[in-house]
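Me: Please take me through this protein step by step. I am new to reading structures.

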Amino acid sequence: TRDNCVYCTVCAKKCPTGALKVDRAQKKLILERLRCISCACCVEICPKNSLSLSTGHGFPATSRDSEIFHGG
């Protein structure tokens, strides 16, 4: 995420698999890696262009771990 995220929750509402959660109180985004299908719906809908989708290949998700992105 970028610093201009306002935690509006639009990205989480648009996610077709429910992989993205927004915690407005703690200013963080939580991505459940095994649910994410890399469809980029969240990237396209974000009104602040705060999200991006990497085209590089990382390590495959092998557990139900979540990635947590903290904001400022």
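Predicted model: local features only at pLDDT ≥ 70, side-chain atom pairs only at ≥ 80, totals over all residues.

Me: What mean pLDDT does the protein have?
Reply: pLDDT is the predictor's confidence in each residue, from 0 to 100. A score of at least 70 is reached by 79% of the residues. The average for the protein is 85.

Me: Which element has the lowest mean pLDDT?
Reply: Elements are DSSP runs numbered from the N terminus: helices (H or I, at least four residues) and strands (E, at least two). Helix α1 has the highest mean, 96. The lowest mean is 72, and it belongs to strand β3.

Me: In what order do the elements run from the N terminus?
Reply: The protein has two helices and three strands. From the N terminus on, they run α-β-β-α-β.

Me: What is the strand order in the open sheet?
Reply: Strands pair if DSSP finds at least two bridges between them. Here β2 and β3 pair in the antiparallel sense over five bridges. The open sheet has three strands with antiparallel pairing, in the order β1-β2-β3.

Me: Why is one side of β1 and of β3 left without a neighbour in the sheet?
Reply: Strands of a sheet pair through backbone hydrogen bonds, either parallel or antiparallel. β1 and β3 stand at the edges, so each has a single partner strand.

Me: Which residue of β3 is the bridge partner of Ile-30?
Reply: Strand β3 covers residues 66–70. The bridge partner there is Ile-68.

Me: How many residues does the largest nonpolar core have?
Reply: A nonpolar core is a set of buried Ala, Val, Leu, Ile, Met, Phe, Trp, Tyr and Cys residues joined through side-chain atoms within 4.5 Å. Its members include Cys-11, Leu-20 and Leu-29. α1, β1 and β2 each supply at least two residues of this core.

Me: Is Val-10 buried, partly exposed or exposed?
Reply: Buried means under 20% relative accessible area, exposed over 50%, and partly exposed in between (1.4 Å probe, protein chains only). Val-10 lies in helix α1, residues 10–14. Its relative accessible area is 31%, so Val-10 is partly exposed.

Methods. Residues numbered from 1 in each chain as written. Heavy atoms only, no water.
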